[in-house]
Amino acid sequence: MISGARQAEPSWFHRLVARAMARRLTVFVVPGPDVARAYGLDIEAAGLQVVDTPRHAGVLLLIGDPPKGLREAAAVANAQMPRPRAIFAVGAGDVSPLPEPDLLVDMNQEDVAAGVEELRRSFAAGAFAPETEDFEAEVVREDEDDEGEMDPGHMHHDSDEEEDESDDGEDEGDQNDQDLDEPEEKEVGEDQLEDFMSMIEMTEGMPASGDGLIMEWVPAAYGPLFPGLPGGLSLVFTLDGDTVAETEVEPGIEGHSPVEILYGPVERIAERAAKLDSLTPVSYGLLIQRAIESTSGTRIGEEEALSRVGALERERAASHLGWAASFGFLIGDRSLSRGAGRLQIALLQAANVGEVGRIKGDVEDFVHKTLRTPLLGSKLGGIGIVDGSGAENAIGPVARAAGFETDARSEDPAYQDLGFAPVVRDGNDALTRFQLRLEEIRQSLNLVLEAGAMAATGSTDSDDSSGTGTATVETPRGMAALRVTLEDGMVTNVQLDAPSMCNVRLVETVTMGKEVADALAGVGSLDLSPWEMSG
Amino acid sequence: MLQTVFVALFGIAAIWFGVVVFTTSSMVRSALALLFSQTAVGAMFLAMQAEFLGVLQIMMMATEMSIMAIFMVMYMMDPGGLMGMDMTHQKRLSQAAGVLGALVVIGIVFLAGWGSIAGSVPPGQQVHDLGIELMERSMLIFETAGITILTAMIATIAVALERRR
Amino acid sequence: MSTAIVILALLAGAYVVAVLEGWAATGRFQPAGPALDAVALLGRESVVTRSSDRIFFEVGPVLLLISALLAAAVLPLAPGLIITDLATGALFVNAALAYVMVALLMAGWGPDGVYAMVGGWRFLGQLVGYSMLIVMPLTTVAMRAESLFTTRIVESQGAMWNVVFQPLGFVLFFLAALAVCFLPPFDLPTAPGELAGGVMSEYTGARLGIMRLARMVLVVTLSVTVTVFFLGGWLGPVLPPWAWTLGKSLVVAAAMLFAGRYVPRVREEHFLQWCWKYGIPLALINILYVGIVLLVVGK
């Protein structure tokens, strides 16, 4: 319900303000602008202005069908938005605990643009409607109740001078004198607060940072709707000043289980697999396709294989461009963020290889210009380094940026025919991963043009087959492996090894002890997708 | 007459902010209250037509007190003051020292020979005179002060680095 | 009278700069944008966070606006068009700009939110970096003018603008000016990608409007400062003096807004390192250089 803050009859002032608001709609995107771009939606072109905090937004934009965890986070964001506010759902289903969306449209650009126009009309007309309702939701109330109480420590009355490993030598000396000078004051008046506040005693037992300074550690939530990180990724940093002291990352999104999505009849499984990770639907569709084909031992023709290569590579280029857009926003490079976003949408909307060829020139220019961005080296150099064993266990571009030549495409005969060699760099930091992914964009577009086709077809007939099959696919984030068991045409057992589950283990290495901006850049450089993680 | 009113107003503001420094339990409020107290003193200088001194006071105190604010946040628990702890101690000694200090200062104010009061000095002339003073009579003072501060900075950094090793 | 004109000019300049900023950020030129935004903000619910430090929360944006206006009060837009021609004008600009930092500290500490707090203290770190770089070039400018009057500083550039006379000082001052108004790549306190808006993240409605207005006025003030100190203020042939100031300030403001679009945000530790290891020695060299030139060659 588009509701104003007060119940009042709209006056001329309110009408003026409402019309101004309608012209400049600001929107907070759930789960994130990266998901919107992955669906091919250009929000800015539709007339909405994306902001990065719900407090500046007037419209909550829900993309796709958010799982329960995200809906609850969106409810909190909705409560934080100042009224008048509206909820604009694109292709969404059930949105509880949020209130009913003010507008619901299908998932395509024209409908979204038309929806925006309609939203403008609603705002201009009803932004200060006399009926206002408060937004009550269980999840918001819970959040209010357990806001972290800061525990500043206890006040001790004992006069032991502990030999403390604290480096504040001068303070300790003063305290010694103090306690000797005024021993009697402690008996006088129990209601009187203690005479001397000993910082050492008060901070006893509190965790100390690396330099010995004991400060209060503040938990800071970075997700799941944080604008710089992949939408849906839940990080909680415990900040010691502006350095990360502890990290907690939630593997996956509550209410979204990638494995359970795949259970069911074999018939429409490709569609279901595409919903597994809306950022890379083609890769997962292909993965399940191959797994099913391996159960029945079907072989596919060369043309079909090339076509699949084209589809997969197109998605890889689009995914890397989308990552570059998010990452550019994270590191504060606006032109990178906008350029990459535009190219990603154009690439996803390309209908055939010819159009991809036309975009290729722009992409080449973009990659060339981006690699030469001044100060990029100093911003990203040495950030997000994954040491020794961590790098060995990494997967995908993260591993390839550490010098390991792990790429599932090297095993694929279709790729071998095209003369594929994985891009490998030796640097193991965020800058190397950035450069590597840009190189891979170039490589992928070349592969698409060489393959000549990019439709991933191949149907899964419901032929009551049974058996077990495995398949691997090099998704844009790394190798994904799937093992599926069929029984009479029903998928009964699924084992999925998603690349993000492997890379998420690196989050702690990459963030501990780092300044928060560097920690976020490190996490961003890992290119995690919370949708393919299973909790 | 107007000048006296302004000087009095700014003086009262300085004192009031100074009292806030001790009555509030929030570290940051305390630091910023001291900042505004010093700004009021700077404004007093401006009202007394000591323009350069006033502007300098206002400028430097802003930076200095803010740095003090962050040090208080770093070293003290509960910098926000929400737990309402009483951060004053050695109350009797402080009160005695304060009263004594005030008496001494008031004594100096009334007993020292300040010379004749200049009617009005054009601010441009003030800046010029200050510059000449710096370059002639007070050069040694400022040079040594500058070198001392620089030495202190370098020593602090050296001491801090050594500990981490 | 001139007070009113100067303030109106500042607000008009702030509007133009807001349009420019919108253009730089979104790539679209929308002249009515800031006006609509301002009106829309007025109608938004004003949210106060729980357990906020109310005084700081309210005073922060207002202090930001006041400090920007105070700094602009001593800058001449044309001969005679100045709010107050202080004898210590050049120093007063710096004194007023110091309160930008106090305002951001308040805005960071006030809302009782992590993002705002980190943003606010980060700006203090940024100040430790830029504060020397914004004062030292002023020294050389005052050396040439032999006065701290801003009007005399402009007049001293009659033969040659300071940007040509002391280019090093100009570059340092320009970068420091970018850091003062926390424009990208120095937008550490409001980092959109890292801190979700930082110090501005918890403000809504009219307070957010004041904060944004204050930021725009700050950009205008600093553009005029750069113009007055280094680009010869109102000096120039043919056109009336105020047109020259206007034109030069616009060019500087556009440069400030568009410069940071193509570059990632600077890292805090690098900023401090570069300012102290390279910036200050360069500023000292600049002082030495200008001093020698003034003594040997004359003004």
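Which residues in α21(A) are buried? Read on to point 2 for the reply; a few conventions come before it.

1. **Conventions.** This is a predicted model, in which local features need pLDDT of at least 70 and side-chain atom pairs count only at pLDDT 80 or more, while totals for chains, interfaces and linings use all residues. Residues are numbered from 1 along each chain as its sequence is written, chains are lettered from A and ligands numbered from 1 in the order in which they are written, and side-chain values use heavy atoms, with hydrogens and water left out.

2. **Helix α21 of chain A.** The buried residues in α21(A) are V516(A), A517(A), D518(A), A519(A), L520(A), A521(A), G522(A), V523(A), G524(A), S525(A) and L526(A). Buried here means under 20% relative accessible area, with exposed over 50% and partly exposed in between (1.4 Å probe, protein chains only). Since 11 of the 11 residues of this helix (residues 516–526) are buried, α21(A) is largely enclosed by the rest of the structure. After α21(A) comes D527(A), which has a positive phi, near 55°.

3. **Chain A as a whole.** Chain A has 21 helices and 12 strands. These are DSSP runs numbered from the N terminus, with helices being H or I of at least four residues and strands E of at least two. Of the 535 residues in chain A, 57% are buried. Among contacts in chain A with a separation of 6 or more, 69% come from residues 24 or more positions apart; contact means heavy atoms within 4.5 Å.

4. **α13 against α18 in chain A.** Two packed helices are described by the angle between their axes and the distance between the axes. Helix α13(A) (residues 353–371) and helix α18(A) (residues 430–451) have axes that come within 10 Å and cross at roughly 160°. The axes are lines fitted to C-alpha atoms, for helices over the stretch in contact, and angles run from 0 to 180 degrees between N-to-C directions. α13(A) and α18(A) are therefore roughly antiparallel to each other (under 35 degrees counts as roughly parallel, over 145 as roughly antiparallel, 65 to 115 as roughly perpendicular and the rest as oblique). The crossing of α13(A) past α18(A) is left-handed, a term for the near helix being turned anticlockwise from the far one by less than a right angle, with clockwise giving right-handed.

5. **Residues of that contact.** On the α13(A) side the contact includes V353(A), V356(A), K360(A) and E364(A), and on the α18(A) side the residues include F434(A), L438(A), R442(A) and V448(A). By class, the contact of α13(A) with α18(A) has 11 nonpolar, 5 polar and 3 charged residues. In this scheme Ala, Val, Leu, Ile, Met, Phe, Trp, Tyr, Cys and Pro are nonpolar, Asp, Glu, Lys and Arg are charged, and the others, Gly among them, are polar.

6. **α8 against α10 in chain C.** The axes of α8(C) (residues 167–180) and α10(C) (residues 205–230) come within 10 Å and cross at roughly 170°. That makes α8(C) roughly antiparallel to α10(C). In this pair, G169(C), F170(C), F173(C), A177(C) and V180(C) of α8(C) meet L218(C), L222(C), T225(C), V226(C), F229(C) and F230(C) of α10(C). The contact of α8(C) with α10(C) divides into 9 nonpolar, 2 polar and no charged residues.

7. α2(B) and helix α4 (residues 89–109) of chain C have axes that come within 12 Å and cross at roughly 155°. That makes α2(B) roughly antiparallel to α4(C), and the crossing is left-handed. V28(B), L32(B), L35(B), F36(B) and T39(B) in α2(B) meet Y99(C), V102(C), M106(C) and W109(C) in α4(C). The residues of this contact divide into 8 nonpolar, 1 polar and no charged. S30(B) also lies in α2(B), residues 27–47; S30(B) is buried, at 8% relative accessible area.

8. L375(A) sits in the loop between α13 and α14 (376–380) of chain A and is partly exposed, with a relative accessible area of 38%. Neighbours within four places in sequence aside, L375(A) is in contact with V263(C), P264(C) and W274(C).

9. **Cysteines.** Taking a disulfide as a pair of cysteine sulfur atoms within 2.5 Å, the count over all chains is 0. C275(C) is in no disulfide, and its nearest cysteine sulfur, that of C181(C), is 14 Å away. C275(C) is buried, with a relative accessible area of 6%.
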